[in-house]
Amino acid sequence: MYRLAKIEDIDQIAELRILQQKELFKKNYKIDDEKFYNNTKIFLLENLNKNIYFLVKELDNKLVSMCGIQLVKYMPLHKEELVERGYVCGVYTREEYRKMGITFIKRSNKVFQRQKYRNFRAKNK
């Protein structure tokens with residue numbers, strides 16, 4: 001099932017972030033896992049579903065994949081009221097679940113449009 005992450009998912013998101021960062025940075029991953037886990041939890045407890053949202057894929061009560069959207073507010077321009085942009089972050093799928101058709105682009109549009117971001121559109125580049 002695809003769904004928007006909840007506070008109860010923070011522990012699993014933090015675990016996925018460790019896996020993601022280790023895979024991405026390999027030898028350059030130098031932080032202690034426990035410290036990174038705790039820092040991630042603190043950040044998500046303060047910001048989840050406020051200015052960072054995660055769409056997650058859950059199988060057998062386990063998060064197997066995630067895709068984050070972090071929102072940043074900018075000073076308005078002369079032709080706009082408020083400027084808020086979203087940046088994709090924290091995209092990761094557990095290795096054993098890859099190549100199984102898990103994708104977030106179309107699903108993220110539907111999920112975020114149901115939330116307060118009605119004009120949200122994720123695009124493939």
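A nonpolar core is a set of buried Ala, Val, Leu, Ile, Met, Phe, Trp, Tyr and Cys residues joined through side-chain atoms within 4.5 Å. With that idea in hand, let us look at some close-up views of this predicted model.

**View 1. The largest nonpolar core brings together twelve residues.** Its members are Ala5, Ile10, Ile13, Leu16, Leu44, Leu48, Ile52, Phe54, Val56, Leu63, Met66 and Tyr92. Helix α1 and the strands β2 and β3 each supply at least two residues of this core. In soluble globular proteins, nonpolar side chains tend to be buried together.

**View 2. Four strands form an open sheet.** Read across the sheet, the order is β1-β2-β3-β4, and the pairing is antiparallel. Strands β1 and β4 each have a single partner strand, so they stand at the edges and one side of each is left without a neighbour in the sheet. On average, neighbouring strands of this sheet are turned by 20 degrees against each other, direction ignored. Strands of a sheet pair through backbone hydrogen bonds, either parallel or antiparallel.

**View 3. Strand β2 is joined to β1 and to β3.** Three bridges link β1 (residues 2-4) with β2, and here Tyr2 has Lys57 as its bridge partner. Eight bridges link β2 with β3. Two of the residue pairs to look for are Phe54 with Gly68 and Val56 with Met66. How much of β2 is buried? Seven of its eight residues are, so β2 is largely enclosed by the rest of the structure.

**View 4. A hairpin connects β2 and β3.** Two residues lie between the strands of this hairpin. Look for Asp60, which takes a positive phi near 50 degrees.

**View 5. Strands β3 and β4 run antiparallel.** Nine bridges join this pair. You have already met Met66 and Tyr92 as members of the largest nonpolar core. In a regular strand the side chains alternate between the two faces of the sheet.

**View 6. Helix α1 lies across β2, β3 and β4.** The helix covers residues 10-25, which makes 16 residues. From its first C-alpha to its last it reaches 22 Å, close to the 22 Å expected at 1.5 Å a residue. Relative to β3, α1 runs at about 85 degrees. Which residues of α1 are buried? They are Ile10, Ile13, Ala14, Leu16, Ile18, Gln20 and Gln21. The buried residues of the helix pack against α2 (33-47), β2 (52-59), β3 (62-74) and β4 (83-93). An α-helix has 3.6 residues a turn, so residues three or four places apart point the same way. After α1 comes Lys26, with a positive phi near 45 degrees.

**View 7. Tyr29 and Phe36 form an aromatic pair.** A search of the whole structure finds one such pair. The two rings, Tyr29 and Phe36, lie 6.2 Å apart, centre to centre, with 85 degrees between the planes. Planes over 60 degrees apart count as edge-to-face, and the pair of Tyr29 and Phe36 is edge-to-face. Are the two residues buried or exposed? Tyr29 has a relative accessible area of 14%, so it is buried; Phe36, at 13% relative accessibility, also counts as buried.

Conventions
Residues numbered from 1 in each chain as written. Predicted model: local features only at pLDDT ≥ 70, side-chain atom pairs only at ≥ 80, totals over all residues. Heavy atoms only, no water. Phe/Tyr/Trp six-rings, centres within 6.5 Å; stacked < 30°, edge-to-face > 60°. Buried < 20%, exposed > 50% of the residue type's maximum accessible area, 1.4 Å probe, protein only. Expected span 1.5 Å × (residues − 1). Contact = heavy atoms within 4.5 Å. Pairing = 2+ DSSP bridges. Axes fitted to C-alpha atoms, helices over the stretch in contact; angles between N-to-C directions.
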